[in-house]
Protein chains: 2
Amino acid sequence: MLKLYQFQPSGNCYKVRLLLNQLGTPFQVVEMDLMAGATRTPEFKAKNPIARVPTVELEPGKFLAESNAILWYFAEGTPFIPTDKLERARMLQWMFFEQYSHEPYIAVARAWISFFGVPAGKERELEERIQKGYVALDVMEGELKQRPFFAGNQYSLADISLYAYTHVAEEGRFDLSRYPAIRAWFERVQAQPRHLRITDAVPAAS
Amino acid sequence: MLKLYQFQPSGNCYKVRLLLNQLGTPFQVVEMDLMAGATRTPEFKAKNPIARVPTVELEPGKFLAESNAILWYFAEGTPFIPTDKLERARMLQWMFFEQYSHEPYIAVARAWISFFGVPAGKERELEERIQKGYVALDVMEGELKQRPFFAGNQYSLADISLYAYTHVAEEGRFDLSRYPAIRAWFERVQAQPRHLRITDAVPAAS
């Protein structure tokens, strides 16, 4: 069976659980102890040289890493990827935005504040990350004033990708009360069939 | 005609020029003065709310941003994207790796050292970025010891994406002499038909 190496509170890992649950694809979770450096062992680096979770084992010995690439792999040929060429590229645009301009600020602030502690000497860097996180939220708010979902009229991988850390941004001290369009989009995402919460420990029954 | 809003020395912009030249797709360049904040104006943010280059105007009023999403848009249905499903996802894996684990370190160190100057108080952050850049290079070296190109046996968008900033990493003070597999891959990339250098100011004649 498909194996997901993961850390439960990670939004990047949650993206994969959410999509797999929505596709009805069964999978098995292998929880990794990040505090103990479980992804930095030679054994794990043989699975994924980038030494991060999520990593999936598609079949024995066949691995794939990077949350958004994993989403793409499972969603090909499904309604989670738009059929229109430009909408499909826009979906990828927002997924690259997520990894470059959103996750390093919103996810890292949350990880430091709510899970691992702010590293010594990084207090000022935390403030900078929070500031840049708000820039990302401003961009998202502007988009969601114009369209219901990031790739257009349809829920897609871009929404799964951006929802993962945005909906828990308050755990990184972000104030979402000033973002009505983002909060309305949360409700549209949560209303999708077979939605799963980040705290749901196992896939919902098929 | 297709318009590319760009900054010539940017590796992210070079990716797009290189692919378009290899595809034989004509395009027009609009050079943006990043020092003068040309991407931060309301006019430019109406084209790309993320306020970065590269941004392409596909037809009047239709824009697309994020270098790797732009690559995907133009390469769909061409040999620059593998036909095998897992190789295609692996290509995306390396493109997300590029934006998350490589560009923020190697490209930013180069930008600070060779173009914009190290921001005040960021000397220690620069050292951290260089250190993390070496981690990315180590991962690439390990991969390229095992296969000729990142998605497998074939030159793909992943190679264009990772070549862009890696081949100029010395401008960010990275020592590439200890990476023989990366340097051999440079030669394979440069030997591809219709290769373009980052300093080539205009597309080669079709």
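This is a predicted model: local features need pLDDT of at least 70, side-chain atom pairs count only at pLDDT 80 or more; totals for chains, interfaces and linings use all residues.
Biologist: What makes strands E1 (residues 3-6) and E3 (residues 55-59) of chain A a pair?

Modeller: Two strands pair if at least two bridges are found between them. E1(A) and E3(A) have three bridges, so they count as a pair, and their sense is antiparallel.

Biologist: And how many bridges join E3(A) to E4(A)?

Modeller: Four bridges join them, and these strands run antiparallel. One of the links is between A:Glu57 and its bridge partner in E4(A), A:Phe63. The hairpin of E3(A) and E4(A) has two residues between the strands, and A:Gly61 in this hairpin takes a positive phi near 90°.

Biologist: On to the helices. How do you know that the span of H1 (residues 11-23) of chain B agrees with what a helix should have?

Modeller: Set the two values side by side. With 13 residues at 1.5 Å a residue, H1(B) should span 18 Å, and its end C-alpha atoms are 18 Å apart, so the values agree.

Biologist: What makes you say that H1(B) is mostly covered?

Modeller: The cut-off for buried is 20 or more other C-beta atoms within 10 Å. In H1(B), 12 of its 13 residues are buried, including B:Cys13, B:Tyr14, B:Val16 and B:Leu19. The buried residues pack against strands E1 (3-6) and E3 (55-59) and helices H3 (67-75), H4 (85-116) and H6 (157-166) of chain B.

Biologist: How do you know that the buried residues of H5(A) are on the same side of the helix?

Modeller: First, the residues themselves: A:Arg129, A:Gly133, A:Ala136, A:Leu137, A:Met140, A:Glu143 and A:Leu144 are buried. They cover an arc of only 110° around the axis, so they are on the same side of H5(A). The face turned away from that buried side carries the exposed residues A:Arg124, A:Glu127, A:Gln131 and A:Gly142. Among the elements that cover the buried residues of H5(A) are H4, helix H6 (157-166) and helix H7 (180-190) of chain A.

Biologist: What is the length of H5(A)?

Modeller: H5(A) has 22 residues and reaches 32 Å from its first C-alpha to its last, close to the 32 Å expected at 1.5 Å a residue.

Biologist: And in chain B, why do the buried residues of H5(B) line one face of the helix?

Modeller: Among the buried residues of H5(B) are B:Arg129, B:Ala136 and B:Leu144. Seen down the axis, the buried residues of H5(B) fall within an arc of 110°, so they line one face. The face turned away carries the exposed B:Arg124, B:Glu127, B:Gln131 and B:Gly142.

Biologist: Let's step back to whole domains. Which domains does the assignment give for chain A?

Modeller: Chain A has domain 1 (3-75) and domain 2 (85-190). Their C-alpha centres lie 21 Å apart. Across the boundary, 11 residues of domain 1 are in contact with 10 residues of domain 2. On the domain 1 side, H1 (11-23) and H3 of chain A each supply at least two residues, and H1(A) gives the largest share, six residues. By class, that side has seven nonpolar, three polar and one charged residues.

Biologist: Last one: how many residues of chain A are in contact with chain B?

Modeller: 26 residues of chain A are in contact with 26 residues of chain B. Strand E4 (62-65) and helices H3 (67-75), H4 (85-116) and H5 (123-144) of chain A each give two or more residues to this side. The largest share, 12 residues, comes from H4(A). The residues of the chain A side divide into 15 nonpolar, five polar and six charged.

Notes: Residues are numbered from 1 along each chain as its sequence is written. Chains are lettered from A and ligands numbered from 1 in the order in which they are written. Two residues are in contact if their C-beta atoms, placed from the backbone, lie within 7 Å. Ala, Val, Leu, Ile, Met, Phe, Trp, Tyr, Cys and Pro count as nonpolar, Asp, Glu, Lys and Arg as charged, and the others, Gly among them, as polar. Domain bounds come from an automatic or database domain assignment. The expected span of a helix is 1.5 Å times one less than its number of residues. The arc is that of the directions from the helix axis to the C-beta atoms.
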